[in-house]
Amino acid sequence: MATLTVWKFDAVTGANEALTKLQGLQKQHLIEIADAAIVEWPQGKKRPKTRQIANLTGAGALNGAFWGMLFGILFFVPFFGLAVGAAIGALAGHFSDYGIDDDFIKSVRDQITEGTSGLFLLTEQVTLDKVEEELKGQVGTLIKSNLTNEQEAKLRAGFGED
C-alpha cells in the first residue's frame, strides 16, 4: 500500500534537507520513495515555490499533472478568487477518490505558510523506527493520508499512468 505524506518544516530549507537524508536512507533500503515534491515558501513572498523531484524510482513516479493540480488546489486557488475557486472545487472533489479529502487539503494549506517548507512523499515500504530516528528533531509536523492499492491504481489511471 502506498502512503502519501506531507511533512511540514519550520524552515524554508527543511524539506530539502529532509529529502537529502531520505534519499540516503533509500540507498540503505530503509524507505522506498516512489515520488516526491517540495514546497518552499520564503518569508515575505506571496506564493510558494514548488518543484517535483524526478527520477527517484522511475516507474513508480506520478506525473507532473498530479503535483501541479494538487499544488494549485493547496496554494494557488486562494489567490484566484471565488469564480476560479468554484471551478477548481470540482477538481478538489476528484482528489477525494484518492484519499486526499477536504480536511487533508485544509490542514496542509493552514500549516505550510510563509517561512516554512513542505515535503510531499509517495512512499511504499518504510522501516519507520529507523527513518524516524534519522529525522528526529527535523520534522515539525507530519500530516499523513494512507492510500489503498485500489486508490493508488485509480490515481495513476486518473493521471494517465499505467
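Lys8 counts as buried, at 12% relative accessibility (buried is under 20% relative accessible area, exposed over 50%, partly exposed in between; 1.4 Å probe, protein chains only). The model is predicted: local features need pLDDT of at least 70, side-chain atom pairs count only at pLDDT 80 or more, and totals for chains, interfaces and linings use all residues. Residues are numbered from 1 along each chain as its sequence is written, and side-chain values use heavy atoms, with hydrogens and water left out.

Lys8 sits in strand 1 (residues 3–9); helices (H or I, at least four residues) and strands (E, at least two) are DSSP runs numbered from the N terminus. Its side chain meets that of Asp10 in a salt bridge (2.9 Å, N to O), defined as a side-chain nitrogen of Lys or Arg within 4 Å of a carboxyl oxygen of Asp or Glu. Asp10 is exposed, at 57%.

The count of salt bridges comes to 3. Arg51 and Glu40 pair at 3.7 Å, N to O. Arg51 lies in strand 3 (residues 49–53) and Glu40 in strand 2, so this pair ties together parts 11 residues apart in sequence. Arg51 is partly exposed at 35%, whereas Glu40 is buried at 15%. Asp110 and Lys106 meet at 2.6 Å, N to O. Both lie in helix 4, 4 residues apart, about one turn of the helix.

The largest nonpolar core holds 21 residues. Such a core is a set of buried Ala, Val, Leu, Ile, Met, Phe, Trp, Tyr and Cys residues joined through side-chain atoms within 4.5 Å. Trp67, Phe71, Leu74, Phe75, Val108 and Phe120 touch the most other members. Helix 2 gives the most to this core, with 7 residues.
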